[in-house]
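Thanks for coming. I will take a few minutes to walk through one model, and I will start with a term that the rest of the talk relies on. Please have the structure open while I speak.

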Amino acid sequence: MSETKFEPKIIAFLCNWCTYAGADLAGTGRKQYQANVRIIKLPCTGGIDPLFLIKAFERGADGILVSGCHPGDCHYNSGNYHARRRWNVFRPLLEFCGINPNRIQFSWISAAEGGKWVETINSIVDTVRALGPFEGYHKLNTIGPETSGEVAAAPSETG
Amino acid sequence: MSKKIGVFVCHCGTNISATVDVEKVAEEAKKNNPGVSYTTTYKYMCSDPGQKLLRDKIKEEGLDGVVVAACSPKMHEHTFRNAAKKAGMNPYHVEISNLREQCSWVHPDKPTGTEKSIDLVRMMTEKTRKDKSLNPIKVPVTKRALVIGGGIAGIQAALDIADAGHEVIMVEREASIGGHMAQLSETFPTLDCSQCIMTPKMVELAQNENIKLYTWSEIESVDGYLGNFDVKIRKKARSVDLDLCTGCSSCWQVCPSKKIKSEFDMKLGNRTAIYIPFPQAIPSKPVIDREHCLLFKDARKKNIPPNDSKVCRKCLDVCPIAPVKAIDYSQEDEFITEKIGAIIVATGFKELDDTSMYGEYGGGKYQDVITGLQFERLASASGPTEGEIQRPSDGKLPEIIVFIQCVGSRDPAKGCSYCSKTCCMYTAKHTMLYKHKVHDGHAYVFYIDIRCAGKDYEEFWLRAVEEEGATYLRGRVSRIYKKGDKLVVLGADTLTGSVVEIEADMVVLASAMKAQDDAEKFAQKLSIQYNKDKFFSEIHPKLKPVESSSAGIFLAGTCQGPKDIPETVAQAGAAASKVLALLSADELEREPVVAKVDRLPAPIFSTCIGCFYCKRVCPYGAIAEEDIKARDGSVIKTVARVNEGLCQGCGLCAATCRSKSVELAGFNDEQVYAEINSVEFN
């Protein structure tokens, strides 16, 4: 794909009640945004297993968005708090593993915030596009983690 | 055995097909995917012939999985699952690809939209491959409704349900039912007296044997689910025993604290510390305002139980009930739990009464700049002036009165962009009421637009102009300032392009209808959604206007958005009919999206290791500990079990489980991984 302009693929894990409905509202309002996102709907962000995110990166996703209800608004009372807590532990772990934390975003978007959905998607797509394709995982078997300057030179290349 | 999957791509007229090449999407769905045995496109999948096509093809092609690529699953997932069910398929093998809201409507470029659509369809095809047959869960129904709020919406809904023979619990946080409608003087467009039509309904409610009324009470918590809610009600300490009190009025006549601003009269009149909010209150029994009562003030100051204070016990002394007096200073908040099948939320609105943010209108400092509801109280025969229009500062009859519309409405700068809908009509009504009482007075109205859409509404406001001679000026008011005992109103008349200066005696602001101050907190208590203005959200703006986002909880009246009395009554009736439909069944069917802890043959029994982290995260207490026992009764191990009746299907347990023993039906790991794996990456 090197000859064409790099277009990142973003996987978005959304809760059914708030952000998924917010994304629908953006559609109802015909608000345009970049087409790089693929949505996976789950009942609640609290039900998102961190392994889902790892799997998405492993498959080649360039960025990931996890988005649910605002604090206090969770359809299941407290699911989003669990998600936030899990996230607080998981994000530094990803960073430790060498994945640039800017590739992953967590946001609260309510069912009434079609506009915020559009802004969030455009912002993460632009951010990830600037970071370039995520190749860290593909090379993980042979090289060290993605460094702050993106992918480190492969050991096989350095010697 | 691999599934035979059919993919149905909808054009949605041209809503999808204009920006997505639907034929290509259908073609690609089949390519390199041996599981997909049938694909087609159709103009309107949701139409009757569209659904028939789906049913026929399921039978003809022997499909055991279906992907409909159409609008959001929130629109028609139910429709297509039902159609599949009719064709003899388990409906949970149907998945929806959201091509409209999340693709064709937001990506105008056709190649881009088509490429994304192909991905979206493939994701759902792969998910469908992993779908399992699920059966709806049956739950029993408690045949009792809860109505929260005792305004006209709540009263109407409660009466409708009770008249159909079901029990109703009504909870009202004020000391009397009646709400805002009881405060109004006369109602548009008929000018009939509000109290004359409202109070008989209040009495009817109080006398209905099917209705249990809790006034001066609030909802503490709501647990459970559709058909089986557990509602905890806080009966606030009233200091008066409702069973003993006869409402004889002796106590409030002797109360020495007579200068407390009456909330019912919008602070234009006074009340006592032990009081009934208004003469026709239901129940017609008083409450002690502990904040202002001398005895309670004294007890607080000295930090002693109220019963020990001797400052003033006039109400207790005068109470004629014997041997036990009806007044009890030591009463405390009481908690009651009721089992409920369905809930109607009718908590109403709050008038924008704090006008301090409107510096141009005096910032709330001028006594003679009043709000719409205050004018209602002035015009009401039961109000502080007994229906005479007297201005608050000196009681003078205002000869020139100015009404300003859209105060707090249609004003994004003040954080309120919506139209309050009722103000055009009530201002027209106010000008009439004013002219009926002050014959030689003159009324001016500043307006942005006149929005009187409703049966006989247009005619009504024209009457205000043509017959009652109100002067309508199209424009805003830039400033109000005091000049002697007059208020000078500076405004613009944009139709003549001139500046208008009116020396008025009184100004009435047509204040907006706002959501209740605690609407957000209350919505969180009930797990219902609300919009940016804190009005509670219906689940579908057109087709489900009274259903909230939580099953079994319905909305009526202005808690959902500004509306007038006829609309409120109609919506309350609609909500009541929805509740009646629920209560008419002995058992309800619920979506089978619930968690399950695995069970395996001996000697493993379950992969659950019994850490019960799932139990700690479950918001519904749906996880129980189950002993797996040997034949001799000894416990082999203790594992988790999900109570299907309580589980709401959030999946917290599944994500928390360390041994991967919990599966959320409809969203299990296999299905999610299938979706992730099917996305085509660069």
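B:Asn303 is not a glycine, yet its phi is positive, at about 55 degrees.

What you see is a predicted model, so a word on confidence. The scores for the model are ipTM 0.87 and pTM 0.77. Chain B has an average pLDDT of 94, with 100% of its residues at 70 or above. For chain A the average is 83, and 84% of the residues score at least 70. One stretch of chain A, residues 141-159, has pLDDT below 50; beyond near neighbours in sequence, that stretch still has 26 contacts in the model.

Now the layout of chain B. The domain assignment divides chain B into domain 1 (5-136), domain 2 (144-235 + 334-348 + 518-590), domain 3 (250-318), domain 4 (350-514) and domain 5 (595-664). How far apart are the C-alpha centres of domain 2 and domain 5 of chain B? The distance between these centres is 38 Å.

Next, a sheet in chain B. Its four strands are in the order β2-β1-β3-β4, and the sheet is open with parallel pairing. At the edges are β2 (36-42) and β4 (94-98) of chain B, each of which pairs on one side only. From one strand to the next, the twist averages 15 degrees. Inside the sheet, strand β1 (residues 5-10) of chain B runs parallel to strand β3 (residues 65-70) of chain B, and five bridges join the two. One residue pair to look up there is B:Val7, whose bridge partner in β3(B) is B:Val67.

Helix α1 (residues 22-30) of chain B touches β1, β2 and β3 of chain B, and its direction makes about 175 degrees with that of β2(B). Helix α2 (residues 48-61) of chain B also touches β1, β2 and β3 of chain B; for α2, the angle with the direction of β2(B) is about 160 degrees.

Chain A has a sheet to look at as well. It is an open sheet of four strands, ordered β2-β1-β3-β4 in chain A and paired in parallel. Why do two of its strands have a side without a neighbour in the sheet? Because β2 (37-42) and β4 (104-108) of chain A stand at the edges with a single partner strand each. On average, neighbouring strands here are turned by 20 degrees against each other, direction ignored. Five bridges pair strand β3 (residues 63-68) of chain A with β4(A) in the parallel sense, and the bridge partner of A:Ile64 in β4(A) is A:Ile104.

Back to chain B for a helix pair. Helix α6 (residues 152-163) and helix α15 (residues 565-583) of chain B have axes that come within 8 Å and cross at roughly 35 degrees. The crossing of α6(B) past α15(B) is right-handed. Among the residues that meet are B:Ala153 and B:Ala157 in α6(B), and B:Ala572, B:Ala576 and B:Val579 in α15(B). By class, this helix contact has 11 nonpolar residues, four polar and one charged.

The bond from B:Phe188 to B:Pro189 is cis, with omega near -5 degrees, and B:Pro189 lies in the loop between β8 (186-187) and β9 (192-193) of chain B. Another cis bond joins B:Ala322 to B:Pro323, with omega about -5 degrees; B:Pro323 is in the loop between α10 (314-318) and β17 (334-340) of chain B.

Last, where the chains meet. How many residues does each chain bring to the contact? Chain B brings 41 residues and chain A 42. On the side of chain B that touches chain A, at least two residues each come from α4 (100-104), α5 (110-130), α17 (652-656) and α18 (669-678) of chain B. The most come from α18(B), with six residues. That side of chain B divides into 18 nonpolar, 15 polar and eight charged residues.

Methods. Residues are numbered from 1 along each chain as its sequence is written. Chains are lettered from A and ligands numbered from 1 in the order in which they are written. This is a predicted model: local features need pLDDT of at least 70, side-chain atom pairs count only at pLDDT 80 or more; totals for chains, interfaces and linings use all residues. Domain bounds come from an automatic or database domain assignment. Two residues are in contact if their C-beta atoms, placed from the backbone, lie within 7 Å. Ala, Val, Leu, Ile, Met, Phe, Trp, Tyr, Cys and Pro count as nonpolar, Asp, Glu, Lys and Arg as charged, and the others, Gly among them, as polar. Two strands pair if DSSP finds at least two bridges between them. Axes are lines fitted to C-alpha atoms, for helices over the stretch in contact, and angles run from 0 to 180 degrees between N-to-C directions. pLDDT is the predictor's confidence in each residue, from 0 to 100. A crossing is left-handed if the near helix is turned anticlockwise from the far one by less than a right angle, and right-handed if clockwise.
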